[in-house]
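Subject: The structure I promised you

Hi,

Here is the structure we talked about, with its sequence. Have a look at it first, and then read my notes below.

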Amino acid sequence: MSEGIGASVRRKEDKRFITGKGKYTDDIKQENQAYAAFVRSSHAHAIVKNIDASEAEAMDGVVAVLNGHQLTADGIGNIIAGWAITSKDGSAMNMGAWSALCTEKVRYVGDAIAIVIADTQEIARNAAETVMVEFDILPAVVSPEKTLESGSPQIHENAPNNQIYDWEIGDEAATDAGLASATHITEMEIVNNRLAPNPMEPRAAIAIYDDAEEHYTLYTTSQNPHVARLLLSAFYSVAPEHKLRVIAPDVGGGFGSKIYVYPEEIACLWASMKTGRSVKWTSDRSEAFLTDAHGRDHVTKAKMGFDANGKIVGFKVDTIANIGAYMSLFSSVTPTYLYATLLSGQYDMPAIHGNVRAVYTNTAPVDAYRGAGRPEATYLVERMMDTAALEMGVDPAELRRKNFIQSFPYQTQVIMNYDSGDFPGCMDKAQAAADIAGFAARKASSASRGKLRGIGYSSFIEACGIAPSAAVGSLGCGVGLWESAEVRVNPVGTIEILTGSHSHGQSHETTFAQLANDRFGVPIDSVQIVHGDTDKVQFGMGTYGSRSGPVGMNAIVKALDKVEAKVKKIAAHVLEASEDDIVIEAGEVKIAGTDKKMAWHEVGLAAYTAHNLPEGMEPGLKEGAFYDPINFSFPSATLICEVEVDPETGVTDIVQFTTADDFGVIINPMVVEGQVHGGLAQGIGQAMLENVVYDDSGQLLTGSYMDYAMPRADDLPSFTIEHNNVPSPSNPLGLKGCGEAGAIGAPPAVINAICNAIGNNNLSMPATPSKVWAALQEVSAQQAAE
Amino acid sequence: MYEVKYHKASSASDAANIISGSEDGKFLAGGQTLIPTMKAKLAAPSDLVDISQADGLAGISVDGSTVTIGAMTTHAEVAGNAALSACCSSITSLAGNIGDPAVRHKGTIGGSIANNDPAADYPAAMMALGATIITNNREIAAEAFFQGMFETALDDGEIITSIRFQAPEKAAYAKFPNPASRYAMVGVFAAKTSDGARVAVTGAGADGVYRQSEMEAALDGAWSADALADIHVSSDGLLSDIHGDAAYRANLVKVMAGRAVASV
């Protein structure tokens, strides 16, 4: 059976995961290990007047209680956002100070005030409760709209009216002119609900300080350990890079929330140095709800204009993005360059203007979460399209077809240059698989059972593998967004691939090995993927934004290219042939058209014995590469959701869910399908179940699974996944990325379907049974009034 | 969790003795509510007196139409009892839909009733079946037992030993689960008993489980969902929270009552 590109090989990593042999940060134990617990703010906004830790310090087993004043005195730097956004008036963004441990003021419930180090976790937690913090409570604000109002509590001194930036993209005058010429304008106010990421494994860290070497090691639940090391050394001044090793072992899901360096890792590293103990901290689920960076939370007003033929003539968008109490690493870029650059969707729009104001509130920091900006753009555009079709009395699929971009490359009005796609083809495949022709009969059948059936579309495009480095640098990004790889062929012919990507559920140990199989014919069992350790892997930018495929795997390809060239040189020399005549097939290196050959491992051995290498060739068979993409990749899809609503209870049953995706080239179809299923589950979760709610005083009301509804298996249908893949012309493998597709595309399909079923377009996420029922009561009241 | 002293009681009287000697002791049944509450540091008893293995507190007997269920009988045991299912399938199916399998194999009927969570399922069944709650001291009618959210007639140190009821002519429970917790957002237990129709509602009332007398009167006239069609359920006194307001719960009370009645 083939194990190369396109083969649905079973996951190599699953044996250890399903037998309980995975090794996560909390599974790792150190000699002399102590445990950390954090003293956190119970108020959303308050002045810290005094911290009295005397009772805790006197408790048996307590090693130390350390606070933000000590941290600052030791020169530990503030946490930063890594992308500078410039307001439309040319001013820099107003980034407020974020110290790992608060000094003067707390700004959200859960804000860390002090770290308690003790011999056991139990003692640390109990001691933390005894730390008496004297607060001077200030008024709080949680709403992204209210926070901008004059008279709202001022959260950071350097952000007047709590505004971080007021940024724009596109051409406002052209958009206004387009809207002025429109024969129909659809106008909506759209809320994109706030989500808690909820990876299965909570965050954790073990900080180990070696005072003899003045060296730190950090085990942490990170999606990008090299980036963590860079931040911890260059910006937070914990230790210089060569004195800090960051290891991200098995990590149980991230969804964006484990991209960032949080206060806890910084405090643990510093506390390890202060106390001379290894310091372990493991978040519990309550802390995760309070402090893991949340996702989404946009309020948007938008107008989309159409001409008499149903062609879009202008799209104007005004968004307020809630950033929470502090600017987390990607918080500035997520609602700007990852959001507003996708406002053109799959459509030929002659004029677009997007305005985004990012604001502080007294809530947990908000940052990139599976999709990061693109789900917000997709939800907006695709709700607008279905609403416009409803208002104009046209079929929503036909309205989309009329506006689809048909030729590539296509330069949008909002920076992106789409390199490829087949939007009508995806729509055709999705409609055929969803049996659109049979919908009317299915609707009638539902009606006969007292149920309301509806159908909803979502045609989205997103941008993965954010790049090229020079371009993102010109837009304010603080780092390059390439990826690196190293391929080591051992003397016995087995292979190690070291990658800067990090797998926390994405199956890299399987799919990355398939690249080596595809190139050299070696079995994937003789290929080891090494990742997640800054002492082993040369460098890496990590995994987020569906970049491990389009960027990470292409870096491996570049390294494989170099290995292949050297293998051919060695074989040509040994076999006394021309390099151009050497082919590598099924684990053999041969002279094409002859029976003269070397086994794969013989080439490896030849490289390392170095007894008979070409003149001047260095021994060994190990090559590294850095790959910087020339463009984003652009996955796209049409999704069709079909629902049945029980009008008595408002319960929505998803009876059919179809996608027709364009992911470019696919390495492992089974793994890709798994990624799509997971993304759809999260997208459906956002649409129907999940919602972070704070009360007006800033207390989190959804702080456990009693109140935060996660999707369960029985909330979800069986999915029909179709493909209409057009290889990306922008990278050697032709990949586009699939990790976020479902989460990006699903929400508008679900909401459009429910609105279609109930005959009321006034419905917000999550469309819980109670909300759907209330929307149905509005319809009844309307009908009674008529 | 704070430090706590654990005791394993051999009998109800042993448990009562141990707890009377403790500073702030609590009885531990299946622990499916108490233990998570203690883990979240929302409860900090000085002592836990485990009665789950105490003599004579578990088991199900069906004697003619009289059903007796020991307080420490797990939900799984109730759900799987053939004799009980034959005479009162409403309560076996109710038990089979509490929580998840792990909860059902640890959680007990006595623990559930003693806790009187406003979203628990069993209190509705006890009220609708006119059950008698039997303790180590006395017998208490269900209606006198449940006294508002998390409040019961139990005195300090009093232990539920069993519950007893007459198998109804017919009965059914219809639950609308909270989308997050899957506790009852509204659960309606409707029973046709020798004393007439009884309808009890859990999940919805601001004061916990209650009887819906208008529905009972209508069902005494005719046991059918249609008999409930004209009843207006007021939202007064019903819970409002982030999952649904009182108006929605009022609607669910009517819909779930209709579904319960229509199912038997």
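This is a predicted model: local features need pLDDT of at least 70, side-chain atom pairs count only at pLDDT 80 or more; totals for chains, interfaces and linings use all residues.

Let's start with a sheet. In chain A, four strands form an open sheet in the order E18-E26-E27-E28, with mixed pairing. E18 (452–461) and E28 (719–723) of chain A are at the edges with a single partner strand each, so each has one side without a neighbour in the sheet. From one strand to the next, the twist averages 15°. Helix H17 (residues 669–688) of chain A packs on this sheet, where it touches E27 and E28 of chain A, and its direction makes about 140° with that of E27(A).

Some terms before we go on. Helices (H or I, at least four residues) and strands (E, at least two) are DSSP runs, numbered from the N terminus. Two strands pair if DSSP finds at least two bridges between them. Residues are in contact if their C-beta atoms, placed from the backbone, lie within 7 Å. Axes are lines fitted to C-alpha atoms (for helices, over the stretch in contact), and angles run from 0 to 180 degrees between N-to-C directions.

Residues are numbered from 1 along each chain as its sequence is written, and chains are lettered from A and ligands numbered from 1 in the order in which they are written.

Back to the sheet: E26 (residues 636–646) and E27 (residues 651–662) of chain A are antiparallel and share eleven bridges. Within E27(A), Ile654(A) is the residue opposite Val643(A).

Chain A also has two hairpins in a row. E22 (residues 582–585) and E23 (residues 588–591) of chain A pair antiparallel over four bridges, and Ile582(A) has Ile591(A) as its bridge partner. Two residues lie between these strands, and Ala586(A) has a positive phi near 45° in this hairpin. E23(A) is also joined by three bridges to E24 (residues 597–599) of chain A, again antiparallel.

Next, have a look at helix H18 (residues 741–758) of chain A. From first C-alpha to last, its 18 residues reach 27 Å, close to the 26 Å expected at 1.5 Å a residue (the expected span is 1.5 Å times one less than the number of residues). 18 of the 18 residues of H18(A) are buried, so the helix is largely enclosed by the rest of the structure. A residue is buried if 20 or more other C-beta atoms lie within 10 Å of its own, exposed if 12 or fewer, and partly exposed in between, with C-beta atoms placed from the backbone.

Most residues other than glycine have a negative phi, and most peptide bonds are trans. Asp297(A) has a positive phi near 70°; Asp297(A) sits in strand E13 (residues 295–306) of chain A and is buried, with 24 other C-beta atoms within 10 Å. Glu214(A) has a positive phi too, near 50°, but Glu214(A) counts as exposed, with 11 C-beta neighbours inside 10 Å. There is also a cis peptide bond from Phe408(A) to Pro409(A), with omega near 0°.

Cheers

Technical notes
Two residues are in contact if their C-beta atoms, placed from the backbone, lie within 7 Å.
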